[in-house]
Amino acid sequence: MSDLASKYELIVGLEVHIQLATESKLFASDSTAFGKNPNSNVSVITLAHPGTMPKLNRKAIEYAVRMGLACNCEISRYCIFDRKNYFYPDLPKGFQTTQDKTPICIGGNVPVSLKNGNEVDVTLNRIHLEEDAGKSIHDEDSSDSMIDLNRAGVPLVELVTEPCIESSEVAMSFLTEIRKIVRYLEICDGNMEQGSLRCDANISIRKKGDKKLGQKVEVKNMNSIRNVGRAIEYEFNRQIELKENDDSIISETRLFDANTGTTSSMRTKEELNDYRYFPEPDLSPFTVSEEWLKEIQNNMPATPGMKREKFISEFGLSPYDAGVLTDTKMTADYFENVCQKTTHYKQVANWIMGPIKSVINEDDSDEPALPITENQLVELVEAIANGKLSHSLAMKKVFPALVDSEKSIAELLSELDVETVSQDDISDVILKVVNAFPDKVKAYQNGKKNLLGMFMGEVMKQTHGKADPKKTNELLLEALEKKN
Ligand code: MN
């Protein structure tokens with residue numbers, strides 16, 4: 001950080017829109033499927049024909065409550081919807097149905113861990129339910145804009161943090177955690193490129209020691225977590241420069257350009273609409289009863305935090321290992337299922353964090369798959385633990401052959417001829433080797449202990465590397481001491 005930057009503090013608040021993975025829209029039975037032909041997921045309700053009435057999708061409320069519980073929010077028991085009035089071509093109703101005064105989730109906090117090992121809490125202001133707008137497409141036609149209303153009415157929750165985020169790292173860790181949470185809860189696919197998860201950042205600076213918040217700038221259009229970090233860094237430096245030159249920071253909305261890494265003005269806040277929120281008269285208030293809340297809580301999938309705790313307490317993993325394994329729901333579920341079938345937990349963890357993860361990381365597809373099945377991993381770990389297979393041959397030969405194959409470990413052991421030599425066979429080879437080098441045995445017994453390596457090498461050579469090194473070492477020491 002430059003000297004100049006160290007005089008200032010960064011303050012960021014985030015607004016995250018999360019598209020809920022319900023099958024139908026928030027107030028209509030239209031499908032929410034992504035990638036369909038434009039304007040095929042539309043009904044008279046989505047198109048706002050006169051006389052149509054919205055009907056609330058209960059699944060969306062359940063998903064919003066799950067998110068609230070996972071983020072330690074207070075859940076509102078009595079909610080109404082509000083109309084947020086503005087005109088835009090992708091909004092046929094002329095208003096967005098949202099929650100203004102009575103968000104379904106109030107307050108809350110999300111702990112995030114940083115690279116230096118510290119943990120910080122990001123405080124939430126609220127999470128509310130609302131519908132999405134359609135999509136204007138400006139780049140398909142040279143003279144006209146086009147409108148696709150498939151997305152209009154798709155349920156969203158909007159999560160709003162307090163202005164409490166003090167670095168781009170905290171912002172990025174927070175978004176990574178939110179994406180993890182929504183995937184674990186199975187309420188959203190968390191895909192930022194397709195827009196299922198969207199983030200706007202309110203960014204301001206102030207001189208260190210100042211109490212008052214500076215003028216904030218809103219940045220939109222960041223389609224990856226990394227770009228949120230880049231936009232925050234860029235804004236921090238841009239605003240410092242303005243301050244240092246005694247220029248004023250204008251309250252405005254700016255767009256981030258991923259190619260240049262810069263932001264540019266889209267509109268100033270003066271031009272913004274007064275939304276004139278008012279209660280939606282076509283929807284009756286809804287309540288979340290004690291029973292319903294309990295039911296949602298009881299049927300809710302575990303959060304990443306709950307899984308981490310469980311891996312530490314139940315399987316004896318270190319916090320670090322538990323963190324790596326719960327990085328994705330896929331590896332967390334995989335680890336947990338495998339550990340139902342073997343008790344070599346640490347070995348299972350090591351295989352997943354090492355060779356298995358590196359295969360997954362090389363997979364460029366949208367949904368990388370697990371390279372070996374649960375049963376294959378169980379058999380692999382057991383074979384090594386039982387001394388049937390050496391760890392090095394497992395890494396070098398068996399694992400690569402297992403990837404994307406349906407073979408069992410037993411089949412591969414004989415096919416690749418890697419099964420470890422039995423203890424009796426090792427003893428036979430050791431006897432042969434010891435008898436072949438009587439002088440060296442004498443020297444060893446007279447103190448040249450480093451000759452052990454040479455004996456080990458001989459035994460390994462004659463067993464083609466298939467002797468278990470630990471066992472061989474043990475038997476060899478015994479034989480060398482005994483021999484006279
Ligand atoms: Mn919103």
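Which residue follows α3, and is its phi positive or negative? The answer is Asp 246, which comes after α3 and has a positive phi, near 60°.

Before I go on, please keep in mind that this is a predicted model, in which local features need pLDDT of at least 70 and side-chain atom pairs count only at pLDDT 80 or more, while totals for chains, interfaces and linings use all residues. Residues are numbered from 1 along each chain as its sequence is written, and side-chain values use heavy atoms, with hydrogens and water left out.

Let me stay with helix α3, residues 225–244; helices here are DSSP runs of H or I with at least four residues, strands are runs of E with at least two, and both are numbered from the N terminus. The expected span of a helix is 1.5 Å times one less than its number of residues, so the 20 residues of α3 should span 28 Å, and the end C-alpha atoms, 29 Å apart, agree with that. Its buried residues (buried means under 20% relative accessible area, exposed over 50%, and partly exposed in between, with a 1.4 Å probe and protein chains only) include Ile 225, Val 228, Phe 236 and Leu 242. Among the elements that cover the buried residues of α3 are β1 (8–19), α2 (168–184) and β14 (252–257).

Now to the manganese ion, whose protein donors are His 17 (NE2), Glu 130 (OE) and Glu 158 (OE), lying 2.1 to 2.2 Å from the ion. Donors are N, O and S atoms within 2.8 Å of the metal (3.2 Å for Na, K and Ca), and because water is not among the atoms, sites may look incomplete. Along the chain, these donors follow the spacing H-x112-E-x27-E. Glu 130 lies in strand β8 (residues 119–131) and Glu 158 in strand β11 (residues 155–161), 28 residues apart, so that the pair links distant parts of the chain. Glu 130 is buried, because its relative accessible area is 3%, and Glu 158 counts as buried at 9%.

Glu 74, in strand β2 (residues 74–75), counts as exposed, because its relative accessibility is 51%. Leaving aside neighbours within four places in sequence, Glu 74 is in contact (heavy atoms within 4.5 Å) with Ile 104, Cys 105 and Ile 106. Between Glu 74 and Asn 473 there are 61 Å in space, C-alpha to C-alpha, and the two are 399 residues apart in sequence.
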